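Let's take a friendly walk through the inside of a protein. Keep the structure in view and look for each residue as it comes up.

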Amino acid sequence: YDGYEVTYVTSKAGNCQGGWYGPVFEFLRTNSAALEAQIPYKNMEGTCRVSNTDKYKIAAWGYVMPDAGIPPVKTMKEALCKYGPVAACIKVTPMFIAYKEGIYDEFAWVSDDRDINHAITIIGWDDEKQAYRIKNSCGAEWGESGFGWVKYDCNNIGYGAAWVVVNSK
């Protein structure tokens, strides 16, 4: 994401080395998503196969903040309550990769709000922990069976936070 427009590298959505989820959401506005049972995840480069159903199309999507910046915690909570889980980014470091349990609170050095390198899904929060509950895409071997807690404002968590409304017929 570059200012107010998506910058594409090799493909509109990216590849196994990274990308941006906005173009994926746009793809899913006209092409229905497939269930994992229909098209299992293979952790390898490939071509997106279109589902044989129109059941899971995106009706609308948008950024929590108009500029795709990091939302204040209150605004993120409001988005989670209104839309459910949100796609977002974080700056990943070796310490994040090694995370096993508890609350991740590295607060690594960042050059600015856009200093991010990994997408996650924010699924909730706990104010006692002062942390977001996240689901990571690295599989069940990472963290707490693929989930974890990340302190509010840690490692630019929340940059590019985006909500999605699914049109499920």
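Two rings of Phe, Tyr or Trp (its six-membered ring) count as a pair if their centres lie within 6.5 Å. By this rule, the structure, which is a predicted model, has eleven aromatic pairs. One aromatic cluster is formed by Trp-20, Tyr-21, Phe-25, Trp-61, Tyr-63 and Tyr-159. A ring can also have a charge over it: the charged end of Lys-135 sits over the ring of Phe-147, at 5.7 Å from the ring centre.

Now for the nonpolar cores. The largest one has 25 residues, and Val-86, Phe-96, Ile-122, Tyr-132, Ile-134, Val-150 and Ile-157 have the most contacts inside it. Two or more residues each come from α2, β4, β6, β7, β8 and β9. Helix α2 gives the most, with four residues. Apart from this core there is a second, separate one of twelve residues, including Tyr-21, Leu-28, Trp-61 and Ala-162.

| Element | Residues |
|---|---|
| α2 | 73-83 |
| β4 | 86-90 |
| β6 | 118-126 |
| β7 | 131-135 |
| β8 | 147-151 |
| β9 | 159-168 |

Let's zoom in on Ile-134. Leaving out residues up to four places away in sequence, Ile-134 touches, among others, Phe-96, Ile-122, Trp-142, Val-150 and Ile-157.

Definitions and conventions
Residues numbered from 1 in each chain as written. Predicted model: local features only at pLDDT ≥ 70, side-chain atom pairs only at ≥ 80, totals over all residues. Heavy atoms only, no water. Core = buried A, V, L, I, M, F, W, Y, C linked by side-chain atoms within 4.5 Å. Buried < 20%, exposed > 50% of the residue type's maximum accessible area, 1.4 Å probe, protein only. Contact = heavy atoms within 4.5 Å. Phe/Tyr/Trp six-rings, centres within 6.5 Å; stacked < 30°, edge-to-face > 60°. Lys NZ or Arg CZ within 6 Å of the ring centre and 35° of its normal.
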